[in-house]
Amino acid sequence: MTYDVCIVGSGAGAGPLAYELSRAGKKVVILEKGDIYSEKDFSKDEIAYTKRDVFTPKLKDEYHVIESFEEGKWVKTPSYENNWSFWNGSLLGGSSNFMSGFFHRLKPNDFKLKSLYGDYEGATIEDWPITYEELEPFYERTERIVGVSGEITEYAHQEPRSTAQYPYPPLAEHPIVENFDTACKALHFTPFKTPRAILSEPKEGRNPCYYSNYCGSYACSSGAKGSSRAALIQPALATGNLHIIANAFVVKLETDNTRTIKRAQYLTQEGTKKYVNAKLFILAAQAVESSRLLLNSKNKAFPKGLANSSGAVGKNMVFSGGGIGSGEFDLSHFNQETLLQAGLFVNRALKDWYFTKEFKGGVVDFLFEHANPIRRANSLKREDGTLIFGKKLQDKIFQTLTTKRVLNFEVFNDWMPNDNCFVSVDEAYKDKYGIPVANIRIGAHPQDVIVGEFLAQKAVQVLETMGAKNITYAISPLPPQNLQAGGCRFGNDPKKHVLNRYCQSYDIHNLFVTDGSFMPTGGSVPYTWTIYANAFRVADYIQKNFDTLLKT
Amino acid sequence: MHPMNRRTFMALSASSPFFLSIDAYAKDVPASVWRTIESVQEVLLPATEQMPSAKNVNALSFLIVNSTSSYFDQNDLELLIEGASVFNQKFSHFFQENAEAQYRIVELASEDAYLEQWLSRLIYYTLEAMFGDPIYGGNTEEMGWKSVLHVNGDPRPKSTYGSKV
């Protein structure tokens, strides 16, 4: 059988394509590396979801190589040695199952940072080939179809919207937000109300949030979280036009020495080679793995890898700059019942410094420390680096877990693309199937840390004003492995760019790349909403031009 | 890092009465290793007025059962077993001592870099037993959760390690 469309991956970059094209009557197949799960399979199991490689490959079998700058040279370390996994969810819906769902749009100026701020030495920033205005209708579509809850905050950098409000009202909040809002007012900061990709009301077979207190890192048991699986793939399956092949690890996209991909080669869990034929191919395996697949798909006609005549595949990877911080609240702030009240959200952020006159700033999101008691108790076993145990440790665990609560903050600022942040493949490093793994060089631009520090100081001011205790933070030049973008930049120059403005390969006319790979810059926010919106935009383009695209 | 590695440990085990047929995998771990681990766990996390002890939450059985899972970190398992053996060798009088003396022995052991790592991992897996879902065999009657007023997430797992219902 030859499908109309073959989608590699099933996360945020894939779901909108599966949803729109199957509804338009196209015969679509998804090749998903992991297994198929539904809401009834998910639970709030700290050991399975956060302490073992259950939903990601075992690193000894499938790993990445992390290339870091140490003592004056670039050093390669397989991730099974440092236990730093860049897998984020091998299951239907991908890592969107486990996201926290902090949903921020990009802003008009995010699309033209180079024009706005000029060149930064050592950075490879470029303006986007599209504008915010072109993407806005698809941000709005994501709000409606995936489901975004919240309330608009008017502030200096509010982006233009085609609708007045989010389609779903805000989720219930913990009383600590009153302290947060009061502190912000005293400091003349804007307490920004963070929209979430979590339903506060039922929607077409999905139940609303039931405040389980186990959200970030956990798959949602009610379908409230707007994962690609719950919000898009499940409705797409209902059309009868979508077929999912699970446990299918795509290792090569094959051309017949023309500018057309004919079939995808994949391996079953047992390592058996199989093939899927299709007219059009959508690559959405998450940025690192998408670049890896294109590079590993090299053949005689495309010796540098597929879609890589520009030599830009894998280049200009971006993650997110920033870091994390926290402050403690205890019985001096709230009575015990209020303090420990489980499940309610904080949903506050600082965005007053998203842009400054001198430099691009970013966002600080606030959230309660996740419930996870194993992690929290284990974090208490050292004092000044020395192991504590016995009654001393037991008393500390009891005191901390029953009388304290930690308010965390997460700083997001632009990861400056640069020539030392890229994905490549190296024949010296292969996974258990004999396929070269992705080598990720993780060089960061020094500006990332400067901006992160600036934003963290603002968050610290808020926590201090709230009366928080033991305030700490850490800003790092290391990449967060779950926020990946870049590697297949879109742009208007086929000699420099991998993809055109519709995320179609310049070299291979029936190939689109729709995960975060297309992004020249990442914005100072988690990428998921922008990936969803862009994938809806590409789906719209493919739907309107399907027949023409096949003839090109 | 303690100079002992897996190879030297294997050589040592062959000549020691403690280690008859030890292979550093759970299935063949000798009872003496588990006995040591059980006793040290009780020193690391003893019963207090508010908290259950390692034994109360079935920490040893939790570790024995879960260490046979393919999801269990094999480096951790090796460390847990080797560490117990090293501890046994260095502090063979541990079992004859009273609780206070045993605490001091563990305190002394924690000054050794290798044994400190071993103790740290042992605390971690004992806390997994104390605060993990009871489906894994620990957290007896949700004793760990109840002691710290923890509200468990809903739904609870119906099977271990995320396997599908």
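Colleague: In what order do the 6 strands of the open sheet in chain A stand?
Modeller: This is a predicted model, where local features need pLDDT of at least 70 and side-chain atom pairs 80 or more, while totals for chains, interfaces and linings use all residues. Residues are numbered from 1 along each chain as written, with chains lettered from A and ligands numbered from 1 in written order. Strands are DSSP runs of E, at least two residues, and helices are runs of H or I, at least four, both numbered from the N terminus. The strands of this sheet pair (at least two DSSP bridges) in the antiparallel sense, and their order in chain A is β5-β12-β13-β16-β11-β19.

Colleague: Which strands of that sheet in chain A stand at the edges?
Modeller: Look for strands with a single partner, so that one side is left without a neighbour in the sheet. In chain A, these are β5 (192–193) and β19 (469–476).

Colleague: And how many bridges hold β11(A) and β16(A) together?
Modeller: Strand β11 covers residues 321–330 of chain A, and β16 covers 404–413. I324(A) stands opposite E410(A) in β16(A). The two strands run antiparallel, and the number of bridges is 10.

Colleague: Is G361(A) buried or exposed?
Modeller: G361(A) sits in the loop between β12 (348–350) and β13 (362–368) of chain A. Leaving out residues up to four places away in sequence, G361(A) touches (C-beta atoms within 7 Å) a set of residues including W353(A), F355(A), N413(A) and S524(A). G452(A) is 91 residues away in sequence, yet 8.1 Å away C-alpha to C-alpha. With 22 other C-beta atoms within 10 Å, G361(A) counts as buried.

Colleague: Over to chain B: what share of its 165 residues is buried?
Modeller: Chain B has 7 helices and 0 strands. Of its contacts with a separation of 6 or more, 65% join residues 24 or more positions apart. The buried share of chain B is 40%.

Colleague: How wide an arc do the buried residues of α3(B) cover around the axis?
Modeller: The buried residues of α3 (59–66) in chain B are A59(B), L60(B), F62(B), L63(B) and N66(B). They lie on the same side of α3(B), because their arc, taken from the directions from the helix axis to the C-beta atoms, is only 160°.

Colleague: Which residues of α6(B) does α3(B) meet?
Modeller: α6 (113–131) and α2 (31–44) of chain B are among the elements covering the buried residues of α3(B). From α3(B), A59(B), F62(B) and L63(B) take part, and their partners in α6(B) are Y125(B), T126(B), E128(B) and A129(B).

Colleague: Which helix gives the largest share of the side of chain B that touches chain A?
Modeller: In this contact, 38 residues of chain B meet 36 residues of chain A. α2, α5 (99–109) and α6 of chain B each supply at least two residues of that side. The largest share, 8 residues, comes from α6(B).

Terms used:
A residue is buried if 20 or more other C-beta atoms lie within 10 Å of its own, exposed if 12 or fewer, and partly exposed in between; C-beta atoms are placed from the backbone. Two residues are in contact if their C-beta atoms, placed from the backbone, lie within 7 Å.
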